[in-house]
Amino acid sequence: MSAPRSDFIRVLQERGFVHQCTDLAALDALAADGIVTAYVGYDATADSLHVGNLVSIMMLRWLQKTGHRPIVLMGGGTTRVGDPSGKDESRQLMTDETIARNIESIKGIFANYIAFGDGPTAALMANNADWLDALDYVGFLRDIGPHFTINRMLTFDSVKVRLEREHPLTFLEFNYMILQAYDFMELNRRLGCRLQMGGSDQWGNIVNGVELARRVDGKELYGLTTPLITTASGVKMGKTAAGAVWLRADRLSPYD
């Protein structure tokens, strides 16, 4: 792609945020011509976010600083399922009460980076439990299921790696990628969201959402991923890695 037209893509490229994009030239043109609404999703598997989340949070910050609207999507629904991406074992299931407490604890972190309010580029916070909890299961399978094939789902790293290592992958976890794809389509319907961003380990899930919205609603959506922050050994730095770096001062002092 030639030099970006939009400040948003220019800044992301200059700062090394861009790893993959479904159509960078088209996204750049969209951002140059008007306000783009974009989101990043965060499951509430702990009461704080960590340094691995900071890259995506900064993408939301730069999105807003360059004149666009960020959405923070809290995974009140998907946390109940558990994302298998990058995991050798199933996540421990959490109670609804714990998930709700974690969401409340996490919310305050974002105010340090993005501005919420009522303006055209003011950040919004949504919770996918608002639509996932209300789904009719059989109706959902009939409407959304035909757009996913087991053949293709088995090729995604989140599934393939687990099976190659002969570690169990539950049917519950297998559904996660479908729910994340549905989130993207639902945010487009409700809030006009055109872009989903996330770490490179989310690429398959993001592409699923782009394709689902195109097939069901005929909408052109976009996906963009960032490089992952890793430890010295190359392991993704997250909340389960030894020495997790939390973004809440009461979990890890800024001076540590």
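Which residues of the largest nonpolar core touch the most other members?

**View 1. The largest nonpolar core of this predicted model.** Among the 35 residues that make up this core, those touching the most other members are F8, Y42, L49, F110, L195, M197 and L224. At least two core residues come from each of α1, α2, β2 (37–42), α3 (51–65), β3 (69–74), α4 (96–110), β5 (195–199) and β6 (222–226), and α3, with six residues, gives the most. In soluble globular proteins, nonpolar side chains tend to be buried together.

**View 2. The surroundings of L49.** When its neighbours within four places in sequence are left aside, L49 is in contact with Y42, I57, I106, I109, F110, W246 and L247. Another core, which lies apart from the largest one, has 28 residues, including I71, F148, I178 and L212.

**View 3. The packing of helix α1 against helix α2.** The axes of α1 (residues 7–14) and α2 (residues 24–33) come within 7 Å of each other and cross at roughly 130 degrees, which makes α1 oblique to α2. From α1, the residues F8, I9 and Q13 meet L24, L27, D28 and A31 of α2, so that, by class, the contact holds five nonpolar, one polar and one charged residues.

**View 4. D136 in its loop.** D136 is found in the loop between α5 (129–132) and α6 (137–144), and it counts as exposed because its relative accessibility is 51%, where the cut-off for exposed is over 50%. A polar atom of the D136 side chain lies 2.8 Å from the backbone nitrogen of G139.

Methods
Residues numbered from 1 in each chain as written. Predicted model: local features only at pLDDT ≥ 70, side-chain atom pairs only at ≥ 80, totals over all residues. Heavy atoms only, no water. Helix = DSSP H or I, 4+ residues; strand = E, 2+ residues; numbered from the N terminus. Buried < 20%, exposed > 50% of the residue type's maximum accessible area, 1.4 Å probe, protein only. Polar contact = N/O pair within 3.5 Å; in protein donor to acceptor, adjacent residues only side chain to side chain. Axes fitted to C-alpha atoms, helices over the stretch in contact; angles between N-to-C directions. Parallel < 35°, antiparallel > 145°, perpendicular 65-115°, else oblique. Contact = heavy atoms within 4.5 Å. Core = buried A, V, L, I, M, F, W, Y, C linked by side-chain atoms within 4.5 Å.
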